[in-house]
Amino acid sequence: MTTSLKNCDIFLEWLEVKDQSMSYVLAKLKEFIEDRIGRKMTGEEHIKVKNICYKLSSTWKKYYRKRDKVEMVLKDWFLMDTFKFDSEPDKSTSRGRPRINFEESSCRTKRRRVGELVASTSADIITTAAKRFSNVKETDIISVEKALALYVDMDLSVRQYNMMRNAVNAIHKNCFPSYYAIAEAKKKLIPENIEVTETSMNVPLQTLLDNTAKSILTKLQICPKNNITLECKWGFDGSSGHSLYKQKFRNEDATDEFMFVSSFVPLRILDHTNENVLWQNDRHSSSRLCRPIKILFTKENSQTINEVKENIEKEIADLDACVYIDNSYEIMISHRMKLTMIDGAVLNVLYGNKSCATCVLCGAKPSQMNDESIYQREVNEECYRNVKRCDGRLLSSSPSSANSSDNDKQLYDVPSYNEWFDAALPKSETTFGKIGVGRSINLKEIDLKLRN
């Protein structure tokens, strides 16, 4: 037998809790209605009850909380049916405890019901149904590598990452991977045999370069057909004035006030046969792509600079080609390192200049800059590789060497120092600065000449 729940029944229940908060009123009405209809309310029914509460509340206030007046105004509305339901239970149902919803069941009950469904339904039907009702696409899920990059770039703690993951996954299910997954991915990217002491850190250059080359080829899905060369720039620099904390070192002379860091940046991957560029780093000056080789808690001085340079150059000389296996065939990866990441102070130390005001190319002091004899000075062409042109490119000491490619010759090939100096002299009288023997130059014109 089908019966109904009228608006007047909801009104009588509403009168008992009308002075409470709206959330409390809705909760009590939900409990009352579900008890009467014998089932849970749907989302549309929730909205319907909420609108009824707003209607009763506004009418109650409009007629100054007089029940007889409200009943007279809403007498026709009170006779309308709000819900219809079966007053007698279905006799076909079995006796015993009523069956609860899947969401409210225990884990054991859920496994049992899933097992019953799998046993009674074909795999194709289950797979099709899962694809139809799943709201999460594979393309909408953040990969472990991207989540790790986000975790590192934002410098998140474990707690911050888990809070962000829980908030996003509550809206978009399984969007972020677990912290355990990104921690395991991070372990795979860390080079092996890292040496760490109280005042230093050192990564074997061979391991670091091999790890970098393989990561680039794997993550960017570069599929070379021939052997390749990874070209990198490297250098070092020091910093001072770091905060001192009350942390004792085993060595009393050790301090963390100073730091000296050696690092490298991958620039490009070249085909070993024809020197074609397979990958180019478009963020070659970004600190995010700078990989540390050595970190020392020591002050930058001439002794430290020369020792670090000799040690790294020895590692570079001992570098071997590594093997990268792709689609069942092997690719040999060789490495090419260039010392260009240095400042003027380091450059003067490397070539024996005691003063930064001294010209690193010809050795002229400030007092000799306006002397006409400076024009005939011999130039240390070895310094060309560390001197930048006006267009930001580097001069090279040996562009025609056997180890240089056509790209190197095009990038580094420059005229002699005297030809370069003569080309810099303008024909106009506009003075922007002075160089050499004191003749006026136009810096804009120099830049155009060097670019051409």
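Which residues does Ser215 touch, not counting residues up to four places away in sequence?

Mentor: Ser215 touches Leu189 and Leu220 on that count. Contact means heavy atoms within 4.5 Å. The model is predicted, so local features need pLDDT of at least 70 and side-chain atom pairs pLDDT 80 or more, while totals for chains, interfaces and linings use all residues. Numbering runs from 1 along each chain as its sequence is written, and side-chain values use heavy atoms, without hydrogens or water.

Ser215 sits in helix α11. Helices (H or I, at least four residues) and strands (E, at least two) are DSSP runs, numbered from the N terminus. Ser215 and Leu189 are 26 residues apart in sequence, yet their C-alpha atoms are 7.9 Å apart in space.

Which elements build the lining? At least two residues each come from α8 (144-153), α10 (179-189), α11 (205-219) and β8 (291-296). The largest share, seven residues, is from α8. By class, the lining has 19 nonpolar, five polar and 10 charged residues. Here Ala, Val, Leu, Ile, Met, Phe, Trp, Tyr, Cys and Pro count as nonpolar, Asp, Glu, Lys and Arg as charged, and the others, Gly among them, as polar.

Two of these helices also meet. The axes of α8 and α10 come within 9 Å and cross at roughly 85 degrees. Therefore α8 is roughly perpendicular to α10 (the class for 65 to 115 degrees). On the α8 side, the contact uses Val144, Ala147, Leu148 and Tyr151. On the α10 side are Tyr179, Ala181, Ile182, Ala185, Lys186 and Leu189. Nine of the contact residues are nonpolar, none is polar and one is charged.

Now step back to the chain. The fold has 16 helices and 12 strands. Of its 452 residues, 32% count as buried (under 20% relative accessible area; exposed is over 50%, partly exposed in between, with a 1.4 Å probe and protein chains only). Among contacts with a separation of 6 or more, 59% join residues 24 or more positions apart.

Leu350 is buried, at 18% relative accessible area. Beyond neighbours within four places, Leu350 contacts Ile305, Asn306, Lys309, Leu339 and Ile342. From Leu350 to Lys309 is 41 residues in sequence and 8.9 Å between C-alpha atoms.

Finally, look at two loops. Arg65 lies between α3 (43-62) and α4 (67-73). Its phi is positive, about 60 degrees, although Arg65 is not a glycine. Arg65 is exposed, at 53% relative accessibility. Glu275 lies between β6 (259-271) and β7 (277-280). Glu275 has a positive phi near 60 degrees, but it is buried, at 16%.

Methods:
Axes fitted to C-alpha atoms, helices over the stretch in contact; angles between N-to-C directions. Parallel < 35°, antiparallel > 145°, perpendicular 65-115°, else oblique.
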